[in-house]
Amino acid sequence: MVAYTEDSGTSLRERVAATTADLVEYRTTEDRPAEIEACLSYVVDFFADEAVEIERFDHEGVPSLVVSLDGSRSPDVAFHGHLDVVPAADSMFTTRTVADGELSGRGTADMKGGLAAMMHVVRELSRRESPPSLALMVVTDEERGGHHGARYLLDEVGYDPAFCITGEPNNLDGYLDVVYRQKGVIRIDLTTTGASAHAATPERGENAIANLMDAHSAIQAVFAAESGDWPTTVNYGLIEGGTSVNQVPDTATLRLDVRYPDADARDRVLTELRAIDGLTVKSVGHGAPVDTDPDDPYVRGLQRHAERVIGRDVNLVSKPHTSDLRHFAAHGIPGVAFGPEAYGSHEGYEYLVVDSLPDYCRTLDAFAEGAPYSSSSQ
């Protein structure tokens, strides 16, 4: 087992937590591109004087980088991390210990804690006599779809790893469980129309908001019919209609966030929504589900190394949240979400369980050292 000792005498746990805290200080929200660039430069500086190759990319103003141990665009393993975060109160961009072993702050869970751990593992592996075939992808747009980061690196730059691990936290029960299955997401606009009129004479118009309200029970019925162990779910995320309170609105739109387990469920929901009278249905964004074979040799290899490191069973689990893993799945690249123990992504209580960091790092280290995997290595 790797000791990860350094002259400073600080523990692996302390070092990764300190790097996490450094990353959190950068307010890497979409509206702060300078902070994103500065945070990427911090990552580059972290690997100064190490035996790695670093390529920086920019696609339509969205930056990313790849740290490679062998220079290959088809490595055995790709670690994936994103440093962009969702907005939060000013106080959340300074980490704090909220309880023994819990580091709180925006991004500690999603996913600067996982990225910091991956950075330390990659740096340690780069110092080995025979480093493994490994790349670390650091992207900055996962929270808004990943089209200019992970998707660009795969579609246009041509990265094609044999296996991917994204350092997203489980956020669910189960210590260091491996997420091999994630729901897909589709954003849907449901629009009704009417005819404008003065509010004093509403009978001369047709109220689009009222039409949308009338359609609500039929919309509800579509999703109520979805059942099973892992059903399709819906969130009414945004509603728009009208331009003035004293005018009958001629259009109204309800925007849905739908999470679905497979293509059949997606197609069924769209078909049934389109059958509702008076409703225009438009798909405005889509991310495919992830359904990695649980018997994939890389998956079993990661599970095996995790169990050896932590000394207990590690489960293969499903998670409803989506991630950049869907872009790898679209290329036929198997992958899993596997991060340190952390909770509260996108919430005001977001935190990282610092004690999980050594187990997480040592699992990644052992897994990368053991690649490539084949059916005979299980």
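This report describes the sheets, cores, cysteines and selected local features of a predicted model.

Four strands make up an open sheet, arranged in the order β11-β13-β9-β14 and paired in the antiparallel sense. The edge positions belong to β11 (233-241) and β14 (280-287); each has a single partner strand, so one side of each is left without a neighbour in the sheet. From one strand to the next, the twist averages 20°. Within this sheet, β9 (residues 184-193) and β13 (residues 251-260) are joined in antiparallel fashion by 10 bridges. One of the positions in this pairing is V185, whose bridge partner in β13 is R259.

Helix α5, covering residues 208-224, lies across β9, β11 and β13, and its direction is at about 15° to β13. Helix α6, covering residues 263-274, packs on the sheet and touches β9, β13 and β14. The direction of α6 makes about 5° with that of β9.

## Strand β8 and its partners

Strand β8 spans residues 178-182 and is mostly covered, with 4 of its 5 residues buried. It pairs with strand β16 (residues 316-319) in the parallel sense, over 4 bridges. Strand β8 is also joined to strand β15 (residues 290-291), in this case by 2 bridges and in the antiparallel sense.

Residue Q182 takes part in both pairings. Its bridge partner in β16 is K319, and its bridge partner in β15 is V290.

## The nonpolar cores

In soluble globular proteins, nonpolar side chains tend to be buried together. In this model, the largest nonpolar core contains 58 residues. The residues with the most contacts inside this core are F47, F79, M119, L136, I165, V336 and F338. Helix α3 (residues 108-126) supplies the largest share of the core, namely 10 residues. The surroundings of F79 illustrate the packing: leaving aside residues up to four places away in sequence, F79 touches M118, V121, V122, L134, A135, L136, M137, I165, L364 and A368.

Residue S126 lies in helix α3. With a relative accessibility of 6%, S126 counts as buried. Its side chain reaches the backbone oxygen of R123 at 2.6 Å. When residues up to four places away in sequence are not counted, S126 touches E50, A51, V52, L69 and P131.

Helix α3 also contains M111. The peptide bond that joins D110 and M111 is cis, with omega at about -15°.

A disulfide is a covalent bond between the sulfur atoms of two cysteines. The structure holds 0 disulfides. For C164, the closest cysteine sulfur is that of C361, and the separation of 17 Å is too far for a bond. C361 is likewise in no disulfide, with the sulfur of C164 as its nearest cysteine sulfur.

Both residues are shielded from the surface. C164 is buried, with a relative accessible area of 0%, and C361 is buried, also with a relative accessible area of 0%.

## Further backbone features

Another cis peptide bond joins A371 and P372, where omega is about 5°. P372 is located in the segment that comes after α9 (357-370).

H346 is found in the loop between β18 (342-343) and β19 (351-353). At 41% relative accessibility, H346 counts as partly exposed.

Technical notes: Residues numbered from 1 in each chain as written. Predicted model: local features only at pLDDT ≥ 70, side-chain atom pairs only at ≥ 80, totals over all residues. Heavy atoms only, no water. Pairing = 2+ DSSP bridges. Axes fitted to C-alpha atoms, helices over the stretch in contact; angles between N-to-C directions. Contact = heavy atoms within 4.5 Å. Core = buried A, V, L, I, M, F, W, Y, C linked by side-chain atoms within 4.5 Å. Buried < 20%, exposed > 50% of the residue type's maximum accessible area, 1.4 Å probe, protein only. Disulfide = S-S within 2.5 Å. Polar contact = N/O pair within 3.5 Å; in protein donor to acceptor, adjacent residues only side chain to side chain.
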